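Please look over the sequence and the model shown here before reading the briefing that follows, which is grouped by topic.

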Amino acid sequence: MGTNSMRRRAITLGVVTAAVTAAGVIPQPGVALANWGGAPDLGPNVFVFDPATPAADIQARLDGLFAEQEHNEMGTSRYAVLLKPGAYNLDARLGYYTTIAGLGASPNDVDITGAVRVVGQPDPGSVAGISALTNFWRSAENLAVTPTDWSNQWAVSQASPMRRVHVKGTLWLEPGNGGFSSGGYIADSKVDGITINGSQQQWLTRDSEFGGDWTNGVWNQVFSGVTGAPAQGFPDPPYTTLPTSPVTREKPYLYVDSRGKYRVFVPGLRRDSAGTTWSASSKAPGGSLSLNDFYIAKPGDSATKINLALALGKHLLLTPGVYHLRDSIKVNRPDTVVLGLGMPSLAPDTGRAALEVADVDGVRIAGVLVDAGARGSDSLVTIGSNRSSRDHARNPISLQDVFFRIGGPWEGKARTSLTVHSDDTIIDNIWAWRGDHGNGIGWSKNTGDVGVAINGDDVTAYGLFVEHYQKWQTIWNGERGRTIFYQSELPYDPPSQAAWTSPTGPGWASYKVSPSVRTHEAWGLGVYAYFNQGVDIRAARGIEAPVRGGVRFHDAITVFLNGSGGIEKTINDAGTPVVGSFGTSAIVNYPG
């Protein structure tokens, strides 16, 4: 490096350091200055308890949060309840935007007797009078629960993951009485008793352990790397069972070490995995980071302030709340961890992306919600760029529990919600949702063309939930892509067939594999139609892909839910129409 280059670098670092100091980042290497060596300042919406806290006090806090959040579907409040290792007697009911998580190294370090539960909501449109169709945006992580009732109820739909949870009894996944439910997702968890799926229309369970039977199922139940999973049976029973998961990495999590210091465990890569990472005798792969290595962001922090911290080598912990951004958060350094607590929302207000990740190794994005703004973005989250070509097979980028909304809390617009250019990326539980209810909803209001666009090669997706976009829900342009579980509703609100016609025929396929792709494989796909404008709207097919031996689908189904119109074929020209009244069309293998 020449003298002038060294001088320019020194000047640049000096400017950055001065700017960061002015922004207040240098004195805060992850924890507030006053708390160095003690508890981190996680803001007013994170509540940390230990076994010495009176149970009545913890219960009062949980009950208060539930009362506030039970019906606060489009609100801006976000909360996390964290429990230090020990035993608790609690009944934790979770409402919207509420996370409960243990702070142990193992789920069994936080042992709850009682319940960690989500209950159904009144639904006059359901025959049962109750449903879980809108039980979104909440989570339970890294704890054990022994139910004191006959089961632990977890009646959820999309964007409500259960991770690293040990249910020491029966797990019940429906709201009751056969009420409708449209979830959900479990990973790295163990259920000692039976799991009652009940009315759940679809579900993905990944790398977990069942000690008892899995019962019931409606259309699309997928098990990947699950010991004790039910046998393959699609379409009757509707079980798709893969003995192992091809490549996985579990979500990072916050914990307290033996000295009482806060750390983040960063799980390592596994291949051909099955079962949990924590109940085996061998140590879980991965490493640990001090919370001092993180910049702890609070709502009100600007993208500039956050980006300066990232540029100085910090990881990022987003505390609960809504982050209105004038610029994109930019992750440019390899192995950076971006971890959200309590489902924080990133809201780009100026038409830029909320988050841009460079084409570098090992970045982990986990636990965030992204809300489109009224100005409209080309892409809400971008992984890599259209020039990306690096091989990340040994240390891929991963996205886990990353959820998108266009409309709902306010009117929003985005051409694409998630764009993945980087090769080898792991996608693990995504819900991309163009809102069908809430605020700012309408065909010409909350506009969004595509939910998820995959341009990178060797991308693996577990749990793609993509709904209501105005063109393709998912388009796959990269080679050797794999999807394990896909759930999608087509848009409810096309005003006419002319307004919703693609280059290949009436409507837009939900899942599109580009004609140039030579190799692609997907298991357990469900595409559903409900056109509610009183107009006969048709989709020519639910899935569209090139017809060649290297492009394969297993266990796909199209369903007419209600309304008018429907889907003519399941995959390309295969399958039967589901039009005009309730019906299903299942294909076990394509090509046959």
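Predicted model: local features only at pLDDT ≥ 70, side-chain atom pairs only at ≥ 80, totals over all residues.

- Helices (H or I, at least four residues) and strands (E, at least two) are DSSP runs, numbered from the N terminus.
- The buried residues of helix 2 are Ile58, Gln59, Leu62, Leu65, Phe66 and Gln69, where buried means under 20% relative accessible area, exposed over 50% and partly exposed in between (1.4 Å probe, protein chains only).
- These residues cover an arc of only 130° around the axis, which puts them on the same side of helix 2; the arc is taken over the directions from the helix axis to the C-beta atoms.
- The face turned away from that buried side carries the exposed residues Ala56 and Ala67, while the cover over the buried residues includes strand 1 (46-49), strand 2 (79-83), strand 3 (86-93) and strand 4 (98-102), with contact meaning heavy atoms within 4.5 Å.

**Strand pairing**

- Strand 38 (residues 460-467) is mostly covered, eight of its eight residues being buried.
- Strand 38 runs parallel to strand 36 (residues 426-434), to which seven bridges join it, and Trp433 stands opposite Glu467; two strands count as paired if DSSP finds at least two bridges between them.
- Five bridges join strand 38 to strand 40 (residues 481-489), again in parallel, with Leu464 opposite Tyr486.
- An open sheet of four strands has the order 9-11-14-17, with parallel pairing.
- Strand 9 (152-153) and strand 17 (214-216) stand at the edges of this sheet with a single partner strand each, so one side of each is left without a neighbour in the sheet.

**Nonpolar cores**

- In the largest nonpolar core, which has 76 residues, Phe404 and Phe553 touch the most other members; such a core is a set of buried Ala, Val, Leu, Ile, Met, Phe, Trp, Tyr and Cys residues joined through side-chain atoms within 4.5 Å.
- The largest share of this core, five residues, comes from strand 44 (residues 520-531).
- Apart from this core lies another, of 36 residues, among them Phe47, Leu94, Val145 and Phe210.

**Salt bridges**

- The structure holds 29 salt bridges, each a side-chain nitrogen of Lys or Arg within 4 Å of a carboxyl oxygen of Asp or Glu.
- Asp91 and Arg117 meet in one of them (2.7 Å, N to O); Asp91 lies in strand 3 and Arg117 in strand 5 (residues 110-117), so the pair ties together parts that are 26 residues apart in sequence.
- Asp91 is partly exposed, with a relative accessible area of 27%, and Arg117 counts as partly exposed at 22%.
- The side chains of Arg434 and Asp493 also meet in a salt bridge (2.8 Å, N to O), and both residues are buried.

Terms used
Residues numbered from 1 in each chain as written. Heavy atoms only, no water.
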